[in-house]
Amino acid sequence: MSRTPRISAAILAITLTTAACSGSGAADTAKDGKPAVIAAFYPLQWLTEQVGGSDVNVSVLTAPGVEPHDLELGAHQVAQLEDAALTVYIKGVQPAVDDAVAQDKSFDAATAVKTLPASEHEEGHDIGYDPHLWLDPSRLATVATKLGERLAATDPAHAQGYRDRAVKTAGALGTLDQEYAKGLTTCETKTLVTSHEAFGYLADRYHLKQIGITLDPETEPSPARIAEVAKLAKDEKATTIFTESLVSPKVAEVLAKEIGAKTAVLDPLESKPSGDYLSAMRANLKTLQGALGCTT
Ligand SMILES: [Zn+2]
């Protein structure tokens, strides 16, 4: 997993301060009697809104456009976490959140599914697993079900609503999962060369192979590493280097040029897309099918 400083610390701090104090905080929204539920970053926000419905007030810690791995919390947000009925997060994505959540009032989505080992090029983490589990719709469906149970326990008066919406959400994710499985069955290449090793779960689920091109997230990869990945990509007949919208595509472009490949944007959904989780994942599927030469 990459923790590249994608936005300078100063800009990040300003953005977060603004976001923290302009939005509806947990303390305000609790007035209507609904539980305040905090989602750490976008995919969990989407999931919590689907499952929580109108029975909860959902707020998100990571403002749109901010790279969630780099999130720092202001005092206002730490207070918000303390006041919330529940915080939905994934341990290992955001060290600041890991440190601040109240263990008895939090739901760690990584505990709901079978995790995969951390990428070999990952740095700066000691959790031992890859946290990008939301990029496998089938795992996210399992998280939806368990989140429904957790919300039912937190707010028993509305238990049935949480369970019903969890079933519906898991169903929608199951449909997406089937579209992926079908759409990625027959492809010219199954190798995913990416600048952010966020797609391990997606690769695991749909029998693709992920090659990450960033060795050290703090710096540009060395010429030796670029040459090494270029060889791998050539051997695997990769025609596309995948980049993401929050990151400078420079490294990917250098590499693509080296091997005569194209670049394409694959959204790791760490920040809010223009549509929602489902539509962004469907756009990702289209991109993958085109780039990997899949027949449908
Ligand atoms: Zn990531």
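Biologist: Where is proline 68 found?

Modeller: Proline 68 is in the loop between strand E2 (57-60) and helix H4 (75-83), where helices (H or I, at least four residues) and strands (E, at least two) are DSSP runs, numbered from the N terminus. This is a predicted model, in which local features need pLDDT of at least 70, side-chain atom pairs count only at pLDDT 80 or more, and totals for chains, interfaces and linings use all residues. Residues are numbered from 1 along each chain as its sequence is written, and side-chain values use heavy atoms, with hydrogens and water left out.

Biologist: Why is proline 68 called buried?

Modeller: Buried means under 20% relative accessible area, exposed over 50%, and partly exposed in between (1.4 Å probe, protein chains only). Proline 68 has a relative accessible area of 0%, so it is called buried.

Biologist: Which residues is proline 68 in contact with, leaving aside its neighbours within four places in sequence?

Modeller: With contact meaning heavy atoms within 4.5 Å, they are Phe41, Thr62, Val93, Gln94 and Glu270. The C-alpha atoms of proline 68 and phenylalanine 41 are separated by 6.5 Å, although these residues are 27 residues apart along the chain.

Biologist: What makes histidine 207 exposed?

Modeller: Histidine 207, in the loop between helix H8 (200-205) and strand E9 (209-212), has a relative accessible area of 63%, and is therefore exposed.

Biologist: How do you know that leucine 269 is buried?

Modeller: The relative accessible area of leucine 269 is 0%, so leucine 269 is buried.
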